[in-house]
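Please consult the sequence and the model while reading.

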Amino acid sequence: RINLIDWINIETGEHYMIGNILYNIKKNLGNGIAIVAIQKAEGAEAGRGGQFTKDFADLELLIDRFGATGDVLLTIGKCKESINKPCPGRTFAYMIGNGVEILKFREVRKCEACHGKGWVKSGNNNVPCTSCYKTGYVDK
């Protein structure tokens, strides 16, 4: 069984309680799988609830906007069982076409010229990085 959970509302604002909620979901799954979407701030390293969102996750995928073209940046935050390469921290970029098609899927890495910031020093000023076009990432 696959269970898709797109919304968890914690009305009291006690977002640290997300850990208990995820624990109860996992405990009641049996042989099933839960895919839980948790809101997060742009560029944040965890969803609402911080580290507590990671405690019972077997796989954490962080999704952000990527550049001005509408691409998506997918970062592997936590991977419980990695067989070959180390997974956490790997980043991928892709586009969505026609609402459902994944296009131009590729692995990306932080730009060495700007160290992932999208800006470089030029005299006393910061200017957009021309290596990564201000995204902070280049294709691997």
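In the hairpin formed by E5 and E6, three residues lie between the strands, and Asn98 takes a positive phi near 55°. Strands here are DSSP runs labelled E, of at least two residues, and helices are runs labelled H or I, of at least four residues; both are numbered from the N terminus. The model is predicted: local features need pLDDT of at least 70 and side-chain atom pairs count only at pLDDT 80 or more, while totals for chains, interfaces and linings use all residues. Residues are numbered from 1 along each chain as its sequence is written, and side-chain values use heavy atoms, with hydrogens and water left out.

Two strands count as paired if DSSP finds at least two bridges between them.

| Strand pair | Bridges | A bridge pair |
|---|---|---|
| E4 and E5 | four | Val72 and Tyr94 |
| E5 (residues 91-97) and E6 (residues 101-110) | six | Thr91 and Val108 |
| E6 and E9 (residues 137-139) | three | Arg109 and Val138 |

Asp71 lies in strand E4 (residues 71-79). Is Asp71 buried or exposed? Its relative accessible area is 7%, so Asp71 is buried; the term means under 20% relative accessible area, with exposed meaning over 50% and partly exposed in between (1.4 Å probe, protein chains only). The side chains of Asp71 and Arg106 are joined by a polar contact of 2.9 Å, that is, a pair of N or O atoms within 3.5 Å; within protein, one must be able to donate a hydrogen and the other to accept it, and residues adjacent in sequence count only if both atoms are side-chain atoms. Leaving aside residues up to four places away in sequence, Asp71 touches Asp64, Arg65, Phe66, Tyr94, Met95 and Arg106, where contact means heavy atoms within 4.5 Å.

The chain as a whole contains one helix and nine strands, in the sequence pattern β-α-β-β-β-β-β-β-β-β. Of its 140 residues, 29% count as buried. The C-alpha trace spans about 55 × 35 × 35 Å along its principal axes.
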